[in-house]
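Here is a briefing on a two-chain complex. Look at the model first, then read the points by topic.

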Amino acid sequence: MDSFISTFHIDWKIIIAQSINFVIVLAVLYFLLVKPLKKLMSERTGTIEGGLNDAKANAELLANTKKEYDQVISNARNEAHNIFQEGKKDAEAKKAEMMEKAKKEVDNMIINGKKVLESEKTKIIDEAKQEIVSLVVLATEKLLETHPDKEFEDKSVNKLKKI
Amino acid sequence: MNTEQATTESTLYAESIGHIGSFTITNALLTSWVVVFIIIIIAIVVKTKLKKIPKGIQNIFEILIEGAEGLCDQVTGNRAITNKAFPIVFAIFVFVLLNNWIGILPIGGFGLIQMSEHGKMFIPLFRSGTADINGTLPLAIMSVIGANVFGIISIGVWKTINKYVNLKALGSIFTKIKKDPGILMTAPIMFAVGILELVGEFAKIASLSFRLFGNVFAGEVLLVSMGAIMAYVLPTPFLLLEVFVGLIQAFIFAILTLVYYTISSMDHEEEHDEKEEHSKGELKEAH
């Protein structure tokens, strides 16, 4: 043992000093490096895991919202289609009704027009007749003035009366 | 005028470079102090620059710690043991590694010239702390004692003591002799195995300390020898080799410590009992 100690110069004081060195290194590394780093890393892992969970929840929420959105859009589309179809039906019925009404109005207008035309025609013919009579009377008067003949006068008067 | 040239000699022990009272300061101890100083500086720098989003040196240490923990998990097979043993194992690794590397730094020109019985001697200022048995022995002692303390914490005082002084085996002679007379043979053997385990603990200290000391000291001697043959050119490849050896030795020391911690945290009695019950069950099933 003595030769071992003298060969390697084993010095208990140096062994204690080296032990203290190691204890210092252990404490420094643990309290200044390993512990804070591990704490920070675990916090970061927690944050990342939380973020991933949030992202997963958000993705699920998004998928559900998309589903709801699709459902709402589909319902709205169906509703719009129904409204459109109903509107179309109503419009067609109204159109038919209006057409019928217009047709009736046109018919009425035609009938009234015809009536007016008839009355105008009769009036014009009467007026023409009156005109012709007055012209004939005038012409006969002129003739009688130029040909004072009783027989001719009677004949002409009779003819005029016939008119 | 004295023109005698100072000679360099590789000694098995660290050379004295000064005294504080009766306390001798060796070049290996000085290197260890430098290592401690460097580690304190690095740790303070990292601590002050810690950010949630890592950058630069923090990144390096995060990768290092994460990788080292993964490696420790492979050895222990249990995250709880890793978490308890990791700070000690990591500290051993860093301390031994820096000691190994600073010892082989090509700054051999810094030193003192002292007079000895062989004339003028050049004493280098830096010698790896692990190239001195006074540096490796305390590490090995702390490693082995720490493993046993860890064992006591993990499995209890009684079971840890029984590993070395197997009183339980001796006691079982009286409790199990009627059921199993063969216990008269096995119990003393178990007790002797316990004593061997105790001797094994001292062997662990010796093997850990001398392996590290031997490898690092041999590396330094090799570098000095190569430098004496052809300075600058010849030592360079060996210097690179020693960098690798330094890393490997630090790794071996740390991993062996972790293995001792893992072994000491296991309850062999429990395992033995489980195996016995299992084999009894198998026998019953066979019948």
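The model is predicted. The predictor gives the complex an ipTM of 0.87 and a pTM of 0.74. Chain A has three helices and zero strands, whereas chain B has nine helices and four strands. The largest nonpolar core holds 56 residues, with members from both chains.

**Confidence**

- Chain A has a mean pLDDT of 90, and 98% of its residues reach 70 or more.
- Within chain A, α2(A) has the highest mean pLDDT, 93. The lowest mean, 75, belongs to helix α3 of chain A, residues 150-162.
- Chain B has a mean pLDDT of 86, with 91% of its residues at 70 or more.
- Among the elements of chain B, α8(B) has the highest mean, 94. Helix α9 of chain B, residues 268-286, has the lowest, 62.
- Where pLDDT is low, the predicted coordinates should not be read in detail.

**Chain A: fold and extent**

- The pattern along the sequence is α-α-α.
- The radius of gyration of chain A is 63 Å, well over the 15 Å that the globule rule gives for 163 residues, so chain A is more spread out than a compact globule.
- The C-alpha trace of chain A spans about 200 × 35 × 20 Å along its principal axes.
- Buried residues make up 9% of the 163 residues in chain A.

**Chain B: fold and extent**

- Chain B reads β-β-α-α-α-β-β-α-α-α-α-α-α along the sequence.
- The C-alpha trace of chain B spans about 95 × 55 × 40 Å along its principal axes.
- Buried residues account for 31% of the 287 residues in chain B.
- Take the contacts in chain B between residues at least 6 apart in sequence: 69% of them join residues at least 24 apart.

- Strand β1 (residues 16-20) and strand β2 (residues 23-26) of chain B pair in the antiparallel sense, over four bridges.
- B:Ile20 has B:Phe23, in β2(B), as its bridge partner.
- Two residues lie between the strands of this hairpin, and B:Gly21 takes a positive phi near 65°.

**Where the chains meet**

- The contact takes 28 residues from chain A and 34 residues from chain B.
- On the side of chain A that touches chain B, α1 (2-8) and α2 of chain A each supply at least two residues.
- α2(A) gives the most to that side, with 23 residues.
- By type, the residues on that side of chain A are 19 nonpolar, five polar and four charged.

- Five residues touch the most other members of the largest core: A:Val25, A:Leu29, B:Val89, B:Ile92 and B:Val94.
- From chain A, α2 (12-146) gives two or more residues to this core. From chain B, the elements that do so are α1 (27-48), α3 (79-103), α4 (133-155), α7 (183-229) and α8 (235-264).
- α3(B) brings the largest share of this core, 15 residues.
- Which residues of chain B does A:Val25 touch? Leaving aside residues up to four places away in sequence, A:Val25 touches B:Val36, B:Ile39, B:Ala91, B:Val94 and B:Phe95.

Key: Residues numbered from 1 in each chain as written. Chains lettered and ligands numbered in written order. Predicted model: local features only at pLDDT ≥ 70, side-chain atom pairs only at ≥ 80, totals over all residues. Buried ≥ 20, exposed ≤ 12 C-beta atoms within 10 Å, placed from the backbone. Contact = placed C-beta atoms within 7 Å. Core = buried A, V, L, I, M, F, W, Y, C linked by C-beta atoms within 7 Å. Nonpolar A, V, L, I, M, F, W, Y, C, P; charged D, E, K, R; others polar. pLDDT = per-residue confidence, 0-100. Pairing = 2+ DSSP bridges. Rg over C-alpha atoms; globule rule 2.2 N^0.38 Å.
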